[in-house]
Amino acid sequence: MIPIDFTDKTVLVTGGAGFVGSNVVSRIVRTGGRVIVLDDLFTGSLDNIDSDIPYEFVEGSVSDYELVRGLMARSDFVAHLAARNIIISTRNPIEDYRSNIGGTLNILMAARETKPNRIVYTSSASIYGNPRILPIMEDETPLTFSPYSVSKLAGENYCYAFYETFYVPAAVVRYSNIFGPKQNPANPYCGVISKFIRAIDRGETPQIHGDGHQTRDFTYVDDAVDATLSALLSPRAEGMVFNIGTGTETSILDIVRTLSEIFGRELVCEHIDRRDIDNIRRRVLNIERIRTRLRWQPQVTFREGLRRTVEWYRTIKPEAG
Ligand SMILES: NC(=O)c1ccc[n+]([C@@H]2O[C@H](COP(=O)([O-])OP(=O)(O)OC[C@H]3O[C@@H](n4cnc5c(N)ncnc54)[C@H](O)[C@@H]3O)[C@@H](O)[C@H]2O)c1
């Protein structure tokens with residue numbers, strides 16, 4: 001992997017009070033950088049950001065162009081993570097449109113004036129829908145099944161368009177399901193992991209939507225952060241899109257089995273109806289492009305990531321969700 005070093009650099013992290021964003025903030029500050037967090041605290045919280053690190057916080061929305069432009073004028077890089085999540089987006093597509101599409105367009109428009117070294121836009125593997133071939137490669141045809149995946153793909157397309165037309169140095173990372181410390185059980189992407197841990201910790205029966213054979217490519221958050229920051233720093237990332245995952249398919253029943261081992265007891269689950277957002281059956285990503293181009297590959301196994309997440313949960317016991 002390329003060295004992660006932000007000495008004397010300022011990074012605007014949109015959505016920096018969220019799950020992944022707060023982990024990004026810590027890593028940048030701990031590698032010598034200054035961070036400006038722009039977050040409207042819609043799903044995020046300042047409690048997510050490590051209390052022992054310095055950072056500047058601005059409460060506001062990426063939908064506010066003047067605010068975005070002013071902050072970008074003071075930044076060398078932009079890590080753009082702010083977004084309404086799939087649940088909010090399904091409930092209110094207009095709100096998703098304003099934040100996810102409008103916010104991304106604002107950042108790209110402002111970049112034409114402020115000329116950052118790089119913008120990394122965090123997209124989602126949800127744009128693949130139910131893919132024809134597994135593991136999924138970046139040039140698989142997108143199949144947008146939800147308003148959320150429509151807006152995430154639109155953000156990507158704006159990045160390519162601004163790169164090609166206006167030379168805005170953007171790169172796109174497509175996250176698969178990310179899990180780890182600071183993830184609120186209400187977070188819909190991997191809420192399943194934090195919800196299971198919370199249920200087991202409370203002595204309740206974990207609930208599985210559907211038969212449990214649905215699969216995802218679960219990625220530990222530290223690995224996703226490293227991939228994102230590599231895309232921010234590497235000259236080989238400009239204008240590119242990268243899958244961020246592990247290449248390993250894990251089912252919901254596999255999660256239960258691994259948690260049983262970690263907790264040292266047999267877990268019994270209750271199967272309940274699938275939700276309207278559960279329309280993807282299988283997902284696993286091909287990560288060859290980022291492995292060869294940026295020399296990034298995941299370092300934390302699923303079991304080890306789960307163990308660290310359980311340990312974090314036991315110390316913090318997040319209440320929300
Ligand atoms: N976590 C995953 O597994 C996953 C998977 C695919 C894609 N992603 C993408 O990664 C990014 C981060 O996801 P996360 O899991 O940390 O979610 P999160 O909800 O924890 O973080 C999103 C942050 O953005 C903030 N935000 C939302 N709308 C905003 C707006 N209009 N202006 C300013 N701030 C706003 C929220 O308050 C929150 O702090 C998102 O762009 C998401 O689409 C995440």
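Biologist: How do strand E4 and strand E5 pair, and over how many bridges?
Modeller: In this predicted model, E4 (residues 77-80) and E5 (residues 118-124) run in the parallel sense and share four bridges.

Biologist: What stands opposite histidine 80?
Modeller: Tyrosine 121, in E5.

Biologist: And which sheet are these strands part of, in what order?
Modeller: An open sheet of seven strands, ordered E3-E2-E1-E4-E5-E6-E11, with parallel pairing. Strand E3 (56-59) and strand E11 (241-244) are at the edges; each has a single partner strand, so one side of each has no neighbour in the sheet.

Biologist: How many degrees between neighbouring strands?
Modeller: On average they are turned by 20 degrees against each other, direction ignored.

Biologist: What is alanine 79 in contact with, apart from its neighbours within four places in sequence?
Modeller: Val11, Val13, Val24, Val120, Thr228 and Leu232. Val24 and Thr228 also turn up in the contact between helix H1 and helix H7.

Biologist: At what angle do H1 and H7 pack?
Modeller: About 65 degrees, with the axes 9 Å apart. H1 covers residues 19-30 and H7 covers residues 221-233. The crossing is right-handed.

Biologist: Which residues make that contact?
Modeller: From H1, Val20, Asn23, Val24 and Arg27; from H7, Val221, Asp222, Ala224, Val225, Thr228 and Leu229. By type, six are nonpolar, two polar and two charged.

Biologist: Different topic. Which domains does the assignment give?
Modeller: Domain 1 is 10-179 + 218-246 + 287-299, and domain 2 is 191-215 + 249-284 + 306-316. Their C-alpha centres lie 26 Å apart.

Biologist: How many residues of each domain are in contact with the other?
Modeller: 14 residues of domain 1 touch eleven residues of domain 2.

Biologist: Which helix gives the most to the domain 1 side?
Modeller: Helix H3 (residues 86-91), with three residues. The domain 1 side as a whole divides into eight nonpolar, six polar and no charged residues.

Definitions and conventions:
Residues numbered from 1 in each chain as written. Predicted model: local features only at pLDDT ≥ 70, side-chain atom pairs only at ≥ 80, totals over all residues. Pairing = 2+ DSSP bridges. Helix = DSSP H or I, 4+ residues; strand = E, 2+ residues; numbered from the N terminus. Axes fitted to C-alpha atoms, helices over the stretch in contact; angles between N-to-C directions. Contact = placed C-beta atoms within 7 Å. Left-handed = near helix turned anticlockwise from the far one by under 90°. Nonpolar A, V, L, I, M, F, W, Y, C, P; charged D, E, K, R; others polar. Domains from an automatic or database assignment.
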